[in-house]
Amino acid sequence: MTTAIATLKYQIYNRRLGLWLFMLSDSMVFLALLAARYYMQGTHRPPEVNQTLGLFLTCLLLASSFCANRADVSIAHGDRAAFLRNLAATIVLGVMFLLLVATIEWPEALHYAPPSTGFGTALFSLTGLHATHVLSGIIVLLFALFKGWRGGYAQDHWGAEGSIIYWHFVDLVWVFVYPTLYLVG
Amino acid sequence: MEQAAQLSLGARVLIGLAVLTGAEFWVAVSGVGGASFVLLALIALAKAALILEYFMHVGKLSPSESGGDG
């Protein structure tokens with residue numbers, strides 16, 4: 001029994017390490033795009049940038065991270081109903097974020113669409129790459145929601161925890177994308 | 001830590017993140033000037049630290065801290 005527990009802990013540690021190594025390597029791509037924005041434009045920002053929209057998008061992601069954290073805590077304590085409720089809220093907020101980016105942010109940003117301006121190139125590159133991460137995060141969370149709904153994660157809830165950590169990573173990236181595109185300048 | 005205490009901690013982290021987000025928005029719209037880039041970078045780093053520590057549990061990367069307890 002002790003050996004089984006030790007083996008499970010070792011497996012979870014390896015999975016956790018693997019996920020963090022993936023996120024670390026993934027963040028290098030974002031780092032390169034963030035650096036490119038400052039290299040091309042310095043701290044210049046076009047006056048047309050909708051700062052209120054940026055703030056609202058940030059609030060959506062923060063709220064989703066809060067719900068994801070509640071889902072994480074809930075499943076760790078075996079509270080399946082709260083896990084499902086909070087994970088569903090996380091997904092809804094993520095979908096709202098994605099819809100706002102696609103229907104308001106990008107159409108508004110067509111004023112400085114690439115390749116006419118360096119800022120437009122940076123904006124569409126950063127928000128486009130981030131949006132694909134949001135989309136993949138939503139898909140992963142949907143898998144976790146479905147598995148939880150089917151009664152999974154009774155013994156080993158790493159699948160839920162890992163998908164939630166990835167969602168927080170998406171939020172973490174936005175912490176740097178938001179000021180770079182909407183505030184600096 | 002018990003579930004209620006962990007949920008309470010999450011709420012406090014959210015409040016901290018919201019305050020920092022408001023602060024960076026204020027720094028940007030008030031036009032603090034040349035210092036704004038440095039201030040915004042510092043605020044972003046503070047927000048990132050909160051997320052890494054309390055939401056992503058970066059401390060569990062230590063082999064002694066890692067386990068299946070969520």
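Predicted model: local features only at pLDDT ≥ 70, side-chain atom pairs only at ≥ 80, totals over all residues.
Residues are numbered from 1 along each chain as its sequence is written, chains are lettered from A in the order in which they are written, and side-chain values use heavy atoms, leaving out hydrogens and water.

**Stop 1: two helices of chain B.** Select residues 3–30 of chain B, helix H1, together with residues 36–55, helix H2. Helices here are DSSP runs of H or I, at least four residues, numbered from the N terminus. The axes of H1(B) and H2(B) come within 10 Å and cross at roughly 170°; axes are lines fitted to C-alpha atoms over the stretch in contact, with angles from 0 to 180 degrees between N-to-C directions. H1(B) and H2(B) are therefore roughly antiparallel, a label for angles over 145 degrees. Their crossing is left-handed (the near helix is turned anticlockwise from the far one by less than a right angle). Now show side chains: among the residues that meet are B:Leu9, B:Val13 and B:Leu20 in H1(B), and B:Leu40, B:Ile43 and B:Tyr54 in H2(B). Contact means heavy atoms within 4.5 Å. The contact residues divide into 14 nonpolar, 4 polar and 2 charged; Ala, Val, Leu, Ile, Met, Phe, Trp, Tyr, Cys and Pro count as nonpolar, Asp, Glu, Lys and Arg as charged, and the others, Gly among them, as polar.

**Stop 2: a helix pair in chain A.** Next, select residues 51–76 (H2) and 158–183 (H5) of chain A. Their axes come within 10 Å and cross at roughly 160°, so H2(A) and H5(A) are roughly antiparallel too. This crossing is left-handed, and its contact residues comprise 15 nonpolar, 7 polar and 3 charged.

**Stop 3: the second largest pocket.** Select A:Met23, A:Ser27, A:Phe169, A:Leu172 and A:Phe176, which lie nearest its centre among 16 lining residues. A pocket is an open set of points on a 1 Å grid over the protein atoms alone, with protein on both sides within 12 Å along at least five of seven lines; a cavity is a set where a 1.4 Å probe fits but cannot get out; lining residues have an atom within 4 Å of a point. The pocket holds about 360 Å³, and H1(A) gives the largest share of its lining, 8 residues.

**Stop 4: the cavity.** Finish with A:Glu48, A:Leu53, A:Tyr112 and A:Tyr182, among the residues lining the largest cavity. Its volume is about 70 Å³, the space filled by probe spheres set on grid points joined across faces, edges and corners.

Conventions: Parallel < 35°, antiparallel > 145°, perpendicular 65-115°, else oblique.
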